[in-house]
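Dear colleague,

I am passing on the structure below, together with some notes on what turned up in it. Please look through the model first and then read on.

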Amino acid sequence: MSDTAPAVANKSGEDSYRDISFRESSTRENSLRDMALRDLSFRKISWAVLIFLTLYVCYFSHLGAFGFIGPDEPRYAWIARDMAESGDWVTPRLYDKPWFEKPVFYYWSAALCFKLFGVNEASARLPSAICALVATLALAWLALRLGGWHSARWVLLLLPSTVGMIGLSHAAATDMPFSAMLSVAMVCAAVAVELVPPAELPAEERREGQSLFVQGKKTTYISLALFGLFLGVAVLTKGPAALILAGGAMLLWVASTKHWREVLRLFHPISVGTFLLICLPWYVLCARRNPDFFRIFIIEHNFKRYLTPEFQHIQPFWYYLPITIIALLPWIFWLAWFAKSDGRKPEDRYQRAQILFLTAWGVFPVLFFSLSKSKLPGYVLPAVFPLGFLISLAVTRALKSGSVFARYVLGLTGALLFVSPGWIFFSRAHVRGPLVSLYAFVAAVGGLMVIGAAAIRRTRAGIIFSVVLVLFLLNLVYVSLDKLDPQISARSCTKQIGLERAANTYSFKLQRSWRYQLNFYLHREVAEWSPNIAGEAVVVTSEKNLEELKQNAKIVTIISEQSPEAEVVSVKPLFLARPPL
């Protein structure tokens, strides 16, 4: 017994030691697992916060920071306000006359926002911001299906922070609603032509079969219905250009891939029926009420606008090349990835078909509008969505490959941000003050930090920091525009005129865009002043035309000199011209 006791005691001690070691090991593993889960949760929350801030700052922040600018915003806002006030939701009217430059979808959206949130600049611009968000989410969904979460998050960060998306999401105009609805339609078309793999399809089975990914009937029918719906809304926003852009992009894709059978599916009765159900009723109803509708809208504002220089927006053929580059800043350099050997060689034919689809979608609008005799910057916006998607795809693949290309592009982005204050000094607006100094300082330091991140091979962190830097600089721009409002919009000078003098206010050789703004804010079509107008009157004119006004009128009071484009004075005629016999 005495011999066995130590052995039993020793065995018991070893078991106890092993139990303690096992418990300690389990505790360490649980602790490591908890830390990993916490780290994963923190990263997910961080990405979610950054994405939310990007979408909000780029699309919704400071929508009403400045008044209406240009000739289009005040006119479109007038028509929407007239619809909300009159209850006539069929015929667009500008100054009580039918106005058929554009179809009705934007006017409906803005009029609804006016009813819900009041008549103001933010309400007029809200439809553009919402449409930009919807299209961005649709493209993020497409990226998620094609390339996973990594591609989707770059779409959500990089596409909204391009110059084109920021600028036109803050415009009370038809460009963003049109381009966004067309983009959602093209995403639906990608599903319908079997470019998007079914969610339930295993990865190893995605390279089998004779054609592209085979969708279930239910998925195909839903995608066709949605394609018809959003294409119909695009036609309700800007007219038959939606059909031309969608059809041209699909033809370019078919010419390079030979997938004729899949594209013909888009003419299915489901898509055609949904399309006609969405857009045809308004066109028929408006034409019945207004016999001149088709002549004015189709012939003058579509065919003549495209084929003749009648509307005076004449630019050279290559005009949209620099406009597209500017619209994709500061991320334009990433498109060079597809000129590299790695970018030109997709992993399989499915990826090749997908990239060619996005390329055709992005290139055709640039080619089509380059041939137009009438060119405006906003026309190129339909190309920004697919090209922004390709930029996000290039970032994903460049980071995955660990290529030195990503570091070079990040360095170029940092250099671009470093020199970005240069636009301030070339601006015609008087942009000066502490905000400008802060912008220049932050851009310079931030740009150098981005270049430094590229130098030490912290590419991913450098891209994320670049996005944060863009958001910060963008907020400074918003605040600066608020300060510049008197110089760029008639909103400020109309406040100084006041409601009591609005009925006795005239313009004198005022620039077209300022005249439209004056009309909107004074809620009336302002007439041109002439010496025949007896008595004292309020006149809005530009600084260069003020001297000519002084030759025919006595300046009684200077009401506002905040903008050289719209000075407000109270005048009396020097002499009253006799009426003609």
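Helix 4 and helix 5 run roughly antiparallel to each other, because the angle between them is over 145 degrees. Please keep in mind throughout that this is a predicted model. In detail, helix 4 (residues 121-147) and helix 5 (residues 149-158) pack at an angle of about 160°, and their axes are 7 Å apart. The crossing that these two helices make is right-handed. On the side of helix 4 the contact involves Thr136, Leu137, Leu139, Ala140, Ala143, Leu144 and Gly147, and these meet Trp149, Ser151, Ala152, Val155 and Leu156 in helix 5. Sorted by class, the residues in this contact are nine nonpolar and three polar, with no charged residues.

The next topic is the charged pairs. Side chains of opposite charge can pair when their charged atoms come close. With a limit of 4 Å between a side-chain nitrogen of Lys or Arg and a carboxyl oxygen of Asp or Glu, the count comes to 14 salt bridges. One of them joins glutamate 73 to arginine 125, with 3.0 Å between the closest N and O atoms. Glutamate 73 belongs to helix 2 (residues 72-86) and arginine 125 to helix 4, so that this pair, 52 residues apart, links distant parts of the chain. Both glutamate 73 and arginine 125 are buried.

A further salt bridge is formed by the side chains of aspartate 88 and arginine 289, at 3.5 Å from N to O. Since aspartate 88 sits in the loop between helix 2 and strand 1 (93-94), while arginine 289 is part of helix 11 (residues 269-289), the pair ties together parts that are 201 residues apart in sequence. Aspartate 88 has a relative accessible area of 18% and is therefore buried, whereas arginine 289, at 48% relative accessibility, counts as partly exposed.

Lysine 238 and aspartate 175 also meet through their side chains in a salt bridge, here with 2.7 Å from N to O. Lysine 238 lies in helix 8 (residues 217-238) and aspartate 175 in helix 7 (residues 175-192), so this pair ties together parts that are 63 residues apart in sequence. Lysine 238 is buried, its relative accessible area being 13%, and aspartate 175 is buried as well, with a value of 14%.

Phenylalanine 357, which is found in helix 15 (residues 349-370), counts as buried because its relative accessibility is 3%. If residues up to four places away in sequence are not counted, phenylalanine 357 touches Met186, Ala190, Leu195, Met250 and Trp253. The C-alpha atom of phenylalanine 357 is separated by 9.1 Å from that of serine 256, although the two residues are 101 residues apart along the chain.

The other place is helix 23 (residues 512-522), which is mostly covered, with nine of its 11 residues buried. The buried residues of helix 23 are Ser513, Trp514, Tyr516, Gln517, Leu518, Asn519, Phe520, Tyr521 and Leu522. After helix 23 comes histidine 523, and the phi of this residue is positive, near 60°.

With best regards

Conventions:
Residues are numbered from 1 along each chain as its sequence is written. This is a predicted model: local features need pLDDT of at least 70, side-chain atom pairs count only at pLDDT 80 or more; totals for chains, interfaces and linings use all residues. Side-chain values use heavy atoms; hydrogens and water are left out. Axes are lines fitted to C-alpha atoms, for helices over the stretch in contact, and angles run from 0 to 180 degrees between N-to-C directions. Helices (H or I, at least four residues) and strands (E, at least two) are DSSP runs, numbered from the N terminus. Angles under 35 degrees count as roughly parallel, over 145 as roughly antiparallel, 65 to 115 as roughly perpendicular and the rest as oblique. A crossing is left-handed if the near helix is turned anticlockwise from the far one by less than a right angle, and right-handed if clockwise. Contact means heavy atoms within 4.5 Å. Ala, Val, Leu, Ile, Met, Phe, Trp, Tyr, Cys and Pro count as nonpolar, Asp, Glu, Lys and Arg as charged, and the others, Gly among them, as polar. Buried means under 20% relative accessible area, exposed over 50%, partly exposed in between (1.4 Å probe, protein chains only).
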